Amino acid sequence: MSRNVAIVGSGPGGFYTAEALLKACPGCRIDIIDRLPTPYGLIRAGVAPDHQTTKKVARNFRATALSGPVAYLGNVEVGRDVSVADLQACYDAVVFAIGMPHDKALGIPGEDLAGVIGSAAFVGWYNAHPDFRDLNPPLDTQAVVVVGTGNVAIDCARVLVKTRAEMAESDLPEYAQAAIEAAPIRDVYMVGRRGPIEAKFTNVELREMGELEAAMPVVDAAVLPASAADYPGLSDRDRRLKERNLASLREFATAEAKGRPKRVHFLFNLAPVAILGEARVRAVRFEQTRVEGERAVGTGEFSEIPCGLVIPAIGYRSSGLDGVPFDARSGTIANADGRVGDGLYAVGWIKRGPTGVIATNRPDGVAVAGHIAKDIASGTKPGREALFALLAGRGVRVTSFPDWERIEAAETAAAAPPAPRRKFARIKDMLELLGPGS
Ligand code: NAP
């Protein structure tokens, strides 16, 4: 009997696993399940709307979805519509590619004030993720603090200051575009708790900040080390990358406004210690740090940055899934190289933590496909027909890959060129377009 594999999550981790299974497990039937009607996870709802080239990887995922043994089952939430035990009854193997959907907490006073919005929510909002369609971030402020110096922090800062014209080729939804355009934002502060060498952003993303139409980068040259040559523990490659970042930051330090009314400030060695305000945030309090070993150590000097919006872009977390062992220390599904036990596997961020670029997920998929090929010699479970019967009994409107392609065609048709698509941001609207399933 053919082996039946369910992959939960249709982002890069899920699709790279499906691609690898097609090679490693000939004859396997592969079902990719997602809680949204639309596939592709962070490719659709995480990669910034003005980084359309990055989103083109979805073309390869589409080819995988259209391969004979693969089916897409959207609008099915594990934990709500089906349990992990249900999946185990239907499938020989279940692979979790569920990512890390929640914001990591800063763990400082004031974090719950209005006007503090984590990057997972903010990025979801500007990417038309249905969970965040009604977030309405309070943009009625002249100053925004973005905590963190990773690529997500850069994405948030850039999207806040780009003009409508600069976004013309993006799929930024109109509700977000209009809100950003109407906002009186003048200063965005990107704040790192460690130094410029420790910053996690990559150089292409950093350089973009020097090429914006209405915003100039601001850096104090005095905080930049002369070079990364003496920095301990860096490989030659990492040293070269750090030197590139320092060169870009040095250029930023001499940038002139040239009529650009907005500023993105790059600040380093400031650890947030409190978010201040009564009902809404009015400032962030920082402690100056110095880096010892790899750690930021407080110096006892404090300062405040007044602002009306704080976006902690400090990484992501998951709370796991009922019925799947969770390692609270690492915040991942407990696994050994992707093996969870009992026919369960994990790939992507939920396997190894929220780091790496899209392609970093490919090896996870290859490894797990290899494990499944070895662990499960032949199928004993009924597969997708049994799951469909279960879902039909529970009244779930499953969306297929052709359904998604109808949503996509409607989004493309509704776009004002050169925008590639005008995204649906509400599940109800997507399902209305599709009508009842068969
Ligand atoms: P990240 O690269 O890990 O950056 C997180 C930032 O938050 C770091 O600057 C970190 O500082 C800081 N941070 C963490 N905890 C903090 C705390 N308690 N207080 C203050 N600062 C804190 O994570 P990310 O930006 O969320 O990105 C996730 C992954 O997606 C990364 O691998 C990233 O490269 C990738 N990504 C790539 C792109 C792209 O290629 N264009 C775009 C978006 C995301 P420390 O270093 O001191 O911990």
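Analyst: The largest nonpolar core has 43 residues, of which Phe122, Tyr126, Leu139 and Phe266 touch the most other members. Such a core is a set of buried Ala, Val, Leu, Ile, Met, Phe, Trp, Tyr and Cys residues joined through side-chain atoms within 4.5 Å; buried means under 20% relative accessible area, with a 1.4 Å probe and protein chains only. At least two residues of this core come from each of helix 6 (119-126), helix 7 (151-161), helix 8 (174-182) and helix 10 (236-253), and likewise from strand 6 (143-147), strand 7 (187-191), strand 9 (262-267) and strand 13 (309-312). Helices (H or I, at least four residues) and strands (E, at least two) are DSSP runs numbered from the N terminus. Helix 7 contributes the most to the core, seven residues. Another core lies apart from it, with 36 residues including Leu21, Cys28, Tyr345 and Trp404.

The model is predicted: local features need pLDDT of at least 70 and side-chain atom pairs pLDDT 80 or more, while totals for chains, interfaces and linings use all residues. Residues are numbered from 1 along each chain as its sequence is written, and side-chain values use heavy atoms, without hydrogens or water.

Leaving aside neighbours within four places in sequence, Tyr126 is in contact (heavy atoms within 4.5 Å) with Ala48, Pro49, Asp155, Cys156, Val159, Leu172, Pro173 and Ala176. Over the chain, 75% of contacts between residues at least 6 apart in sequence join residues at least 24 apart. Of the 438 residues, 53% count as buried.

How values were computed:
Buried < 20%, exposed > 50% of the residue type's maximum accessible area, 1.4 Å probe, protein only.
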